[in-house]
Amino acid sequence: MVTSAFLPAPAAAAASVGAARPHLCARRPREASAASAATRRADALTMKQASSNGPVSRTASPGDSNGAVPSSAVEPPLAPRANTLGHVIVVGLSHHTASVDVRERLAIPEAEWQSAAQELVDRCDSISEAAVLSTCNRFEIYAVANHPQAGVHELLASLSERSGVAPSGLRRHMFMLTETEAVWHLLRVSAGLDSLVIGEGQILSQVKRCFELATAKEGMAGKILGRCLNTAVSAGKRVRSETGIAKGAVSISSAAVELAEMRAPTDSGKPIASCAVVIIGAGKMARLLVQHLLSRGVENITVVNRSMERAGELAKMFGDADIKLRMLDEMVDAVVGTDLVFTSTGSADPIINARSLGPRLEGAIASGTRAVDSQLMLIDISVPRNVAADVGDLPGAAVYNVDDLKAVVAKNQARRRRLSLEAEDLLHEELTAFNNWHHSLGCVPAITKLQKHAEAIRSEEWERVQGKLVGLSKSERKAVEQLSKGIVAKLLHGPMVHLRSVEDMKERVQTLKNLENLFRL
């Protein structure tokens, strides 16, 4: 199955991955700082071109229970191996295969996606292109390798070094996909079919941002990965415009508010509309939280943020709402005096823990400020987490994180699964188009060879008849030469168009052989 297909290493390779492997992903000297990423991409591709395009065994095993295949996983259409300039691979983990504490060990801020990709290309001998996609629900490295298995194992070793988790520990939670399966996975991710909330729109924006950064001046996506990411963005847009999968679909922020709406009567003893709400953070996620809360009739909203200016900008977006603002050093006071808290900041460490919140919460309950039978709800939608795990042990506190949002979306799964079938039909078309383009790269050398062969024959014949053209003027000789070039170009046009249009790989390989035999290339 696609979404959790594991590629176990051969015995020797598995043993060496677990041990120190100085030659695997060993850091090569970095180029001078003035060298552009585009130059580095070209150098990497030149240095790492594979001579091994033959069959490679690819054994899929289910892994352990931590890496169980989700019920929504769908097998992609099979395609034979292409003799191309590189193989698309993906190594990563998601909410399907790893809990939030594992995901946050590998999380990379968006500002570091380019530098992380550059580091991978520098360190991994078989990787020529790379791009990072790191969100609250997934961490994925897309790359182009000259050998699929070598690329997978090098990426795994590099991620192990970066996270401090042994390769064996990472392998339990990670999926490792190559070629058609890797492209199919990316298309499903962009379409929102692999998301916690099927059809949600935020992941398309994140894949688009991945494409923009990877293809920018300092990015590490070349011809193949750039085309792959661009296809994914286009496919994601097409799925949302041609199916109803985005209608009624919710983002993480919307799911968080739905969870609060479900739990508020039980935890706080009142409906969400009557709750006092504190939002910690003032970014895009906070804006979406305010939007969803207002749509549910919540009136008492307080935004806590480090920058009062940014919090004020958020409040201005909702001019009709009475949104209160507080500084981050007033956070504990705001939290203790409210019913419901959402945390959404970019902090790498927890900002709320039992040591700071516990005594204040106990004091509020003892003084009667907070009801004994009412719990303070804290919904943490940040990765890494903003609320420490020990807060959940406090009496009077109910803590939820992104993993708890799965219950919220369960009721919508049946309808979205039906729509996902329509979406996958469109994705199959996009996958076929990309595979045809990717496989056609293998025709380029043969086409080039044919053109050179034809031009050599034309040039030889042109030189042979020069003595018979002495009576022609310079312009007439040029016209005759252009005529000869035009005839050759038209004769070659048909075979080249046919070669590029052949979709079946076996037929294309046979056509190439016939072409080489026919013209003695």
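This is a predicted model: local features need pLDDT of at least 70, side-chain atom pairs count only at pLDDT 80 or more; totals for chains, interfaces and linings use all residues.
A salt bridge is a side-chain nitrogen of Lys or Arg within 4 Å of a carboxyl oxygen of Asp or Glu.

**First stop: a network of charges**

Select Glu112, Glu119, Arg123, Glu161 and Arg162. These residues are linked in a network of salt bridges. By the rule given above, the structure holds 23 salt bridges.

Is Arg123 buried or exposed? Arg123 counts as buried, because its relative accessibility is 6% and the cut-off for buried is under 20%. Glu119, at 23%, counts as partly exposed.

**Second stop: a pair from distant parts of the chain**

Now select Asp194 and Arg138. Their salt bridge brings the closest N and O atoms to 3.0 Å apart. Asp194 is in the loop between α7 (180-191) and α8, while Arg138 is in strand β3 (residues 138-145); the pair, 56 residues apart, links distant parts of the chain. Asp194 counts as buried at 0% relative accessibility, and Arg138 counts as buried at 2%.

How many cavities of 30 Å³ or more does a search of the whole structure find? The search finds two. In general, rolling a probe the size of a water molecule over the atoms shows where empty space is left.

For the second largest cavity, select the lining residues, among them Trp113, Gln114, Cys210, Leu213, Glu218 and Met220. The elements that give two or more residues to this lining are α4 (113-123), β2 (127-134) and α8. This cavity has a volume of about 60 Å³. Its lining divides into nine nonpolar, two polar and one charged residue.

Next, select Met285, Ser344, Thr345, Gly346 and Val383. Of the 34 residues that line the largest pocket, these five lie nearest its centre. The volume of the pocket is about 1,100 Å³. The largest share, four residues, comes from α8. By class, the pocket lining has 16 nonpolar, 13 polar and five charged residues.

From Val383, move to Pro384. A cis peptide bond joins Val383 and Pro384, with omega at about 0°. Pro384 lies in the loop between β9 (376-380) and β10 (397-400).

Then select Glu179, in the loop between β4 (175-178) and α7. Although Glu179 is not a glycine, it has a positive phi of about 55°. Glu179 counts as buried, at 15% relative accessibility. For context, most residues other than glycine have a negative phi, and most peptide bonds are trans.

**Last stop: the surface**

Finally, show the surface and select Met308, Leu325 and Met327. These residues make a nonpolar surface patch of about 200 Å². Met308 is placed in helix α12 (residues 308-316). With a relative accessible area of 32%, Met308 is partly exposed, and it can therefore belong to a patch, for which the cut-off is over 30%.

End the tour at Arg326 and Glu330. A salt bridge joins them, the closest N and O atoms being 3.6 Å apart. Glu330 is partly exposed, with a relative accessible area of 29%. Arg326 also counts as partly exposed, at 26% relative accessibility.

Note on methods. Residues are numbered from 1 along each chain as its sequence is written. Side-chain values use heavy atoms; hydrogens and water are left out. On a 1 Å grid over the protein atoms alone, a cavity is a set of points where a 1.4 Å probe fits but cannot get out, and a pocket is an open set with protein on both sides within 12 Å along at least five of seven lines; lining residues have an atom within 4 Å of a point. Grid points are joined across faces, edges and corners, and a volume is the space filled by probe spheres set on the points. Ala, Val, Leu, Ile, Met, Phe, Trp, Tyr, Cys and Pro count as nonpolar, Asp, Glu, Lys and Arg as charged, and the others, Gly among them, as polar. Patches are made of residues with over 30% relative accessible area and no salt bridge: like charges are joined within 9 Å, nonpolar side chains (Val, Leu, Ile, Met, Phe, Trp, Tyr) within 5 Å. Accessible areas come from the Shrake-Rupley method with a 1.4 Å probe; for residues, only the protein chains shown count as cover. Buried means under 20% relative accessible area, exposed over 50%, partly exposed in between (1.4 Å probe, protein chains only).
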